[in-house]
Amino acid sequence: MHIPDAFIPIGQALVYWIIALIFIALALRWARSSMKEEKVPLVAVLAAGVFAIQAVNIPIPWGTSGHMVGAALAAIVLGSPYAGVFVLTLVLLVQGIIFGDGGITVMGANIINMGVVGGFVGYYGYTALNGVMNNAYVAAFIAGWASLFISAILCAVELAIAGTFPLDLGLTFMGTYHAVIGLIEGGITAVALYLIASARPDILERPAGVTA
């Protein structure tokens with residue numbers, strides 16, 4: 001899902017950067033107003049965990065690569081979709097600048113796909129599903145799966161608009177691979193939420209329905 005440099009024309013990449021910067025600014029505002037001192041270690045642990053789960057990459061024909069994202073977990077645990085944007089932006093900056101995983105010119109698109117879409121779909125999907133099912137962990141599983149799958153579909157569409165890959169093949173391969181990888185993403189999201197709620201409920205933002 002990390003789009004490399006040159007996969008998207010500079011003009012299109014600039015548009016994605018502008019959109020991403022708007023959400024980054026909103027995420028920074030969230031961090032200033034909502035991230036109390038006691039939450040800093042949790043954010044650091046989540047960022048490290050996201051970095052770790054993204055380290056396993058599966059090459060995808062007519063796509064970029066397949067891997068888990070972690071934005072839904074960050075958004076649900078920290079109680080805001082902007083938390084997903086914040087954590088994923090930090091991770092993607094380190095990956096792109098230091099490790100060369102994902103391009104610099106296209107980082108705006110990567111932040112949108114994984115941070116913005118992952119965070120918002122994960123958080124609001126979780127909130128809506130939990131309200132209907134009244135089961136926080138099943139809701140977290142489905143929201144985690146959906147956040148990854150929709151992010152992958154958007155990535156395929158962006159690459160098709162860029163003329164890099166055909167839309168039909170990109171959707172087929174990116175969608176199929178991430179539909180399967182999403183099962184792991186959903187499982188990790190649900191299990192991690194359960195473990196945090198059980199061990200340290202005091203640091204959890206307590207999404208509705210989560211009990212220690």
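1. Is Ala-20 buried or exposed? Ala-20 is buried, with a relative accessible area of 0%, where buried means under 20% relative accessible area, exposed over 50%, and partly exposed in between, with a 1.4 Å probe and protein chains only. The residue belongs to helix H1, helices being DSSP runs of H or I with at least four residues and strands runs of E with at least two, numbered from the N terminus. Apart from its neighbours within four places in sequence, Ala-20 is in contact with Gly-108, Ile-111 and Ile-112, contact meaning heavy atoms within 4.5 Å. Ile-188 lies 168 residues from Ala-20 in sequence, and their C-alpha atoms are 26 Å apart in space.

2. On the basis of the values: this is a predicted model, in which local features need pLDDT of at least 70 and side-chain atom pairs count only at pLDDT 80 or more, while totals for chains, interfaces and linings use all residues. Residues are numbered from 1 along each chain as its sequence is written, and side-chain values use heavy atoms, with hydrogens and water left out.

3. On the overall fold: the protein has seven helices and two strands, and from the N terminus on the elements run α-α-β-β-α-α-α-α-α. The C-alpha trace spans about 50 × 35 × 25 Å along its principal axes. For 212 residues a compact globule would have a radius of gyration near 17 Å, and the 16 Å of the protein agrees with this; the radius is taken over C-alpha atoms, and the globule rule is 2.2 Å times the number of residues to the power 0.38. Of the 212 residues, 48% count as buried, and among contacts with a separation of 6 or more, 76% are made by residues 24 or more positions apart.

4. Leaving out residues up to four places away in sequence, Ala-143 touches Ala-72, Gly-122, Gly-125, Tyr-126 and Leu-129, and its C-alpha atom is separated by 6.9 Å from that of Gly-186, 43 residues away along the chain. Val-121, in helix H5, counts as partly exposed because its relative accessibility is 22%; beyond its neighbours within four places in sequence, Val-121 is in contact with Tyr-126, Ala-146, Ser-147 and Ile-150. Thr-89, in helix H4, is buried with a relative accessible area of 8%, and touches Ile-24 and Ile-111 when residues up to four places away are not counted.

5. On the backbone: which value does phi take at Ala-6? Phi of Ala-6 is near 80°, a positive value in a residue other than glycine; Ala-6 lies in the segment before H1 and is exposed, with a relative accessible area of 73%. Asn-134, in the loop between H5 and H6, also deserves a look, with phi near 55°, a positive value in a residue other than glycine, and Asn-134 is exposed at 65% relative accessible area.

6. On the largest pocket: about 230 Å³ of space lies within it. Of its 15 lining residues, the closest to the centre are Leu-42, Val-45, Leu-46, Leu-73 and Ile-196. On a 1 Å grid over the protein atoms alone, a pocket is an open set of points where a 1.4 Å probe fits, with protein on both sides within 12 Å along at least five of seven lines, and lining residues have an atom within 4 Å of a point; grid points are joined across faces, edges and corners, and a volume is the space filled by probe spheres set on the points. Helix H2 (40-53) and helix H7 (167-199) each supply at least two residues of the lining, with H2 giving the most, seven residues. The lining divides into eleven nonpolar, two polar and two charged residues, where Ala, Val, Leu, Ile, Met, Phe, Trp, Tyr, Cys and Pro count as nonpolar, Asp, Glu, Lys and Arg as charged, and the others, Gly among them, as polar.
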